[in-house]
Amino acid sequence: MTSSELWTRATAERYDTEDAEMFSAAVLGPTLDFLAELAGDGRALEFAIGTGRVGVPLRERGVPVVGIELSEHMAAVLRRKVDEDTLPVTIGDMATTVVPGGFALVYLVYNTITNLLTQDEQVECFRNAARHLEPGGRFVIELGVPPLRLLPPGQVAVPFDVSERHLGFDTFDLVEQVLVSHHFTLEDGRYRRDASRHRYAWPAELDLMARLAGLEPERRVADWDGTPFTQDSTKHISVWRKPTTAACAE
């Protein structure tokens, strides 16, 4: 098993509600359009499929989707939405778990590659994607750009949400390249505290991981709508392609 932190039953049960904005048509529409176009008539494999936020509606669009998910609790929530025959899910980690068949698309959304807490594991995730891709297939990652420019000298914390019911900030270990995401959520007059660890990575670092896996860079944009990626972009959608002739690294 990789070093990913497991989602608990309680976290899985409230995931869809607390991240309701990510389920909105404004967010999901462009995401599904982007992924469905890349999948074409082929199959798609979602690493860390979670509760099926993306995988379930992508399947409803006619794209055959298969999932890998580390947390049995998250997969159980997904299973209430769709049966195993319609959307198969294998319990396992995205760096080493192998499922049968080839895929036109492997995708990993919403910063989830950072759940792998070492560089070696992230490299293996790329290799696992390449292992599943058919020649000409694509690997897609959605990932935030580390906001280190917001850190003044001596400060290690960056707020990302200050609202009536939620306070969120990230703290950074610049040596280990690890951030801890802290959440304080107001419930019944009391704040619930949650925290999770992540290994952040830069776009150029991901390109090198892709190269080690035998994948070629194809496209990088700032969002699912295709906005150009610039030095001021806060996240990126990156696409790498498996060559049709040369064999990928195993």
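**Reading the features in turn**

Modeller: Let us start with alanine 48, which is partly exposed because its relative accessible area is 23%. Please keep in mind throughout that this is a predicted model.

Colleague: Where is alanine 48 placed?

Modeller: Alanine 48 sits in the loop that runs between strand 1 (44-47) and helix 3 (55-60).

Colleague: What is the phi of alanine 48?

Modeller: The general idea is this: most residues other than glycine have a negative phi. Alanine 48 has a phi near 55°, a positive value in a residue other than glycine. Aspartate 188 also deserves a look, with a positive phi near 50° and likewise a residue other than glycine.

Colleague: Is aspartate 188 buried or exposed, and where is its place?

Modeller: Aspartate 188 belongs to the loop between strand 8 and strand 9. Its relative accessibility is 82%, so aspartate 188 counts as exposed.

Colleague: Let us turn to charged pairs. How many salt bridges does the structure hold?

Modeller: In general, side chains of opposite charge can pair when their charged atoms come close. This structure holds 12 salt bridges. One of them joins the side chains of glutamate 13 and arginine 80, at 2.5 Å from N to O. Glutamate 13 lies in helix 1 (residues 9-18), while arginine 80 lies in the loop between helix 4 (72-79) and strand 3 (89-91), so this pair ties together parts that are 67 residues apart in sequence.

Colleague: Are glutamate 13 and arginine 80 buried, partly exposed or exposed?

Modeller: Glutamate 13 counts as partly exposed, because its relative accessibility is 42%. Arginine 80 is exposed, with a relative accessible area of 57%.

Colleague: Which residue meets the side chain of arginine 14 in a salt bridge?

Modeller: The partner is aspartate 194, and the N to O distance is 3.3 Å. Arginine 14 is in helix 1 and aspartate 194 in strand 9 (residues 190-199), so the pair ties together parts that are 180 residues apart in sequence. Aspartate 194 itself is partly exposed, its relative accessible area being 24%.

Colleague: What forms a salt bridge with arginine 149?

Modeller: Aspartate 232 does, with the closest N and O atoms 3.6 Å apart. Arginine 149 lies in the loop between strand 5 (133-144) and strand 6 (157-162), and aspartate 232 in the loop between strand 10 (216-221) and strand 11 (235-241), so the pair ties together parts that are 83 residues apart in sequence. Arginine 149 counts as exposed at 66% relative accessibility, and aspartate 232 is exposed with a relative accessible area of 55%.

Colleague: How is the packing of helices read, and at what angle do the axes of helix 1 and helix 4 cross?

Modeller: Two packed helices are described by the angle between their axes and the distance between the axes. Here the axes of helix 1 and helix 4 come within 8 Å and cross at roughly 40°. Helix 1 and helix 4 are therefore oblique to each other, and their crossing is right-handed. The contact is made by Arg9, Ala12, Glu13, Tyr15 and Asp16 on helix 1, together with His73, Met74 and Val77 on helix 4.

Colleague: Which backbone atom lies 2.8 Å from a polar atom of the side chain of glutamine 177?

Modeller: That atom is the backbone oxygen of tyrosine 200. Glutamine 177 has its place in the loop between strand 7 (166-173) and strand 8 (178-187), and at 18% relative accessibility it counts as buried. Leaving aside neighbours within four places in sequence, glutamine 177 is in contact with residues including His198, Trp202 and Glu205.

Colleague: What does the side chain of lysine 242 reach?

Modeller: The side chain of lysine 242 reaches the backbone oxygen of alanine 130, at 3.0 Å. Lysine 242 is found in the segment after strand 11 and is buried, with a relative accessible area of 13%.

Methods. Residues are numbered from 1 along each chain as its sequence is written. This is a predicted model: local features need pLDDT of at least 70, side-chain atom pairs count only at pLDDT 80 or more; totals for chains, interfaces and linings use all residues. Side-chain values use heavy atoms; hydrogens and water are left out. A salt bridge is a side-chain nitrogen of Lys or Arg within 4 Å of a carboxyl oxygen of Asp or Glu. Helices (H or I, at least four residues) and strands (E, at least two) are DSSP runs, numbered from the N terminus. Buried means under 20% relative accessible area, exposed over 50%, partly exposed in between (1.4 Å probe, protein chains only). Axes are lines fitted to C-alpha atoms, for helices over the stretch in contact, and angles run from 0 to 180 degrees between N-to-C directions. Angles under 35 degrees count as roughly parallel, over 145 as roughly antiparallel, 65 to 115 as roughly perpendicular and the rest as oblique. A crossing is left-handed if the near helix is turned anticlockwise from the far one by less than a right angle, and right-handed if clockwise. Contact means heavy atoms within 4.5 Å. A polar contact is a pair of N or O atoms within 3.5 Å; within protein, one must be able to donate a hydrogen and the other to accept it, and residues adjacent in sequence count only if both atoms are side-chain atoms.
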